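Here's a quick briefing to read alongside the model.

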Amino acid sequence: MRIYTYAIIDSNNEITAPINGLEGIGVYNIPYRDIGIVVSEGEQIQDITQEHILKHEEVVEKLMESFTVLPVSFLTLFKKEDDVLLMMQEYYSDFRENLDRLRNKVEFGIKIIWPGETIKNRIIEASKKFNADVTIPDNSPGKSFAKEKFEKYKIDKEFAEEADRCIALLDDFFSRFITEKKLEKLKSDNLLLNAYYLVEKEKQVDFKEAFERTRSTPGDLKFLLSGPWPPYNFIVLTKNGDMFNRKPINQNLAEKNTL
Amino acid sequence: MTINRIVETDSPEAFIEEIEKIQGVLPKRINANSKNVEKGLSKLVLTLIELIRKLLEKQAMRRIDAGSLSEEEIERVGETLMKLENKMQELKGVFGVSDEELNLNLGPLGDLM
Amino acid sequence: MEYVTTKSKDVTLLEVLDRVLDKGVVISGDLVISLAEIDLIYVGLKVLISSVETMERLRGAPFASPMQEPT
């Protein structure tokens with residue numbers, strides 16, 4: 001027997017509208033103090049398929065219609081309810097803080113592709129022209145290795161700086177209606193931006209309009225928007241000693257004037 | 001039941017292509033049985049060594065950029081970096097790990113690079 | 001705008017996977033059943049795209065995902 005977990009919710013009541021989880025078993029809420037965790041019981045699944053994954057997500061999104069949810073990572077399993085309650089005890093203050101911070105907020109994802117390879121080639125060509133008449137008198141393999149690396153470094157640096165400029169412009173457009181964000185820049189040469197934005201529910205429409213306006217401006221960019229999602233990318237757990245997950249402060253707001 | 005969630009893009013293939021590039025070869029969660037634990041460990045160790053090597057290289061480049069190294073120092077740094085790179089190639093060969101396999105998503109550590 | 005092609009369902013899948021697999025509430029510790037006990041199908045991108053196509057072939061119909069976008 002296993003207990004599958006789906007999400008922590010800001011309610012210790014029973015779930016009234018029935019929801020089916022993995023293996024078609026109904027989910028229920030295990031209360032702990034003023035919050036709860038939604039789970040379902042099941043047998044051991046041998047092969048995990050994408051149906052299981054999508055079903056898990058479906059449950060979380062259904063819950064999102066009625067509650068503030070902290071989505072639990074897929075396949076977080078427990079042997080018995082007592083273990084679940086012990087875990088809730090350990091994490092309670094983290095869960096409480098997250099539920100309060102994420103109330104009425106949803107996550108959107110934006111990905112942007114730019115002609116990175118073209119831009120990089122342009123920089124490389126320019127760099128070649130620049131270095132064309134610099135002769136390197138060399139019997140020193142160390143020096144030529146270093147200089148070769150350095151030229152590549154300069155190209156990468158300029159490429160990254162151009163990406164930063166472009167991202168700053170775009171992010172400015174989107175950020176007007178958000179409360180928090182996480183940006184991943186240049187995960188590949190062409191994937192200029194992979195961004196996660198936390199948006200208040202009432203500002204969803206504004207946010208999507210800002211996206212549409214930005215997308216329709218002429219240029220070589222390709223856009224992807226997804227959402228609204230449960231706030232997967234904005235959970236902060238201090239209990240795990242997660243030193244990289246600093247509490248997202250209002251520093252973005254101070255800079256961007258979003259309120 | 002209607003889901004409010006949308007996923008919209010005018011270029012699905014382009015995004016699939018890019019996501020494919022960055023996903024890397026390692027699965028998101030590794031099935032930790034003994035068969036593939038060993039291979040997993042050597043990949044992990046090599047990735048860490050590679051990370052350090054890249055950091056050293058980047059640091060050297062920054063110093064050259066800032067003009068704080070003499071020609072002689074540049075020569076010595078270059079030689080060291082060359083040896084490190086060659087050693088890395090050797091290790092990859094010994095453990096049978098390819099370049100793509102070293103592409104662990106470093107998360108926040110990636111910012112150090 | 002609506003996209004009912006295989007490729008856009010793959011993109012949806014990718015977006016779900018990106019979140020569900022190692023984000024959200026990630027709990028560590030002794031209470032959680034170790035993943036070693038569970039057989040995970042390798043959840044790489046290529047494997048999943050071919051799964052979608054395989055499923056479509058097997059069922060003889062577009063893969064009816066529970067996450068159908070509203071028309």
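This is a predicted model: local features need pLDDT of at least 70, side-chain atom pairs count only at pLDDT 80 or more; totals for chains, interfaces and linings use all residues.

Residues are numbered from 1 along each chain as its sequence is written, while chains are lettered from A and ligands numbered from 1 in the order in which they are written.

**Chains A and B**

- Chain A has 6 helices and 9 strands; helices (H or I, at least four residues) and strands (E, at least two) are DSSP runs, numbered from the N terminus.
- Chain B has 3 helices and 1 strand, in the pattern β-α-α-α along the sequence.
- Of the 259 residues in chain A, 36% are buried, and of the 113 in chain B, 16% are. Here, buried takes 20 or more other C-beta atoms within 10 Å of a residue's own, exposed takes 12 or fewer, and partly exposed is in between, with C-beta atoms placed from the backbone.
- Take the contacts with a separation of 6 or more: residues 24 or more positions apart account for 71% of them in chain A and for 81% in chain B. A contact needs two C-beta atoms, placed from the backbone, within 7 Å.

- An open sheet of 5 strands runs in the order S7(A)-S8(A)-S6(A)-S9(A)-S1(B), with antiparallel pairing. Two strands pair if DSSP finds at least two bridges between them.
- Its edge strands are S7 (178-185) of chain A and S1 (6-9) of chain B, each pairing on one side only.
- Neighbouring strands in this sheet are turned by 10 degrees against each other on average, direction ignored. Axes are lines fitted to C-alpha atoms, for helices over the stretch in contact, and angles run from 0 to 180 degrees between N-to-C directions.
- S7(A) and S8 (residues 191-200) of chain A are antiparallel and joined by 7 bridges; Lys181(A) has Tyr197(A) as its bridge partner in S8(A).
- S6 (residues 105-113) and S9 (residues 222-229) of chain A, also antiparallel, share 6 bridges. Lys111(A) sits opposite Leu224(A) in S9(A).

**Helices**

- Helix H1 (residues 50-66) of chain A has 17 residues, which at 1.5 Å a residue should span 24 Å; its end C-alpha atoms are 25 Å apart, so the two agree. The expected span is 1.5 Å times one less than the number of residues.
- Buried residues of H1(A) include Ile53(A), Val59(A), Val60(A), Leu63(A) and Met64(A), along with Glu57(A), Glu58(A), Glu61(A) and Lys62(A).
- H4 (residues 141-175) of chain A packs against H3 (residues 71-95) of chain B at about 80 degrees, with the axes 7 Å apart. That makes H4(A) and H3(B) roughly perpendicular; angles under 35 degrees count as roughly parallel, over 145 as roughly antiparallel, 65 to 115 as roughly perpendicular and the rest as oblique.
- Among the residues making this contact are Phe145(A) and Ala146(A) of H4(A), and Ile74(B), Val77(B) and Leu81(B) of H3(B).
- By class, the H4(A)-H3(B) contact has 7 nonpolar, 2 polar and 5 charged residues. Ala, Val, Leu, Ile, Met, Phe, Trp, Tyr, Cys and Pro count as nonpolar, Asp, Glu, Lys and Arg as charged, and the others, Gly among them, as polar.

**Chain A against chain C**

- 34 residues of chain A are in contact with 26 residues of chain C.
- H1(A) gives the largest share of chain A's side, 7 residues.
- That side of chain A has 17 nonpolar, 10 polar and 7 charged residues.

- Most residues other than glycine have a negative phi, and most peptide bonds are trans.
- Glu23(A) has a positive phi near 60 degrees and is partly exposed, with 13 C-beta neighbours inside 10 Å.
- Arg33(A) has a positive phi near 50 degrees and is exposed, with 11 other C-beta atoms within 10 Å.
- Leu186(A) takes a positive phi near 50 degrees in the hairpin of S7(A) and S8(A), which has 5 residues between the strands.
- The peptide bond from Gly227(A) to Pro228(A) is cis, with omega near -5 degrees, and Pro228(A) lies in strand S9 of chain A.
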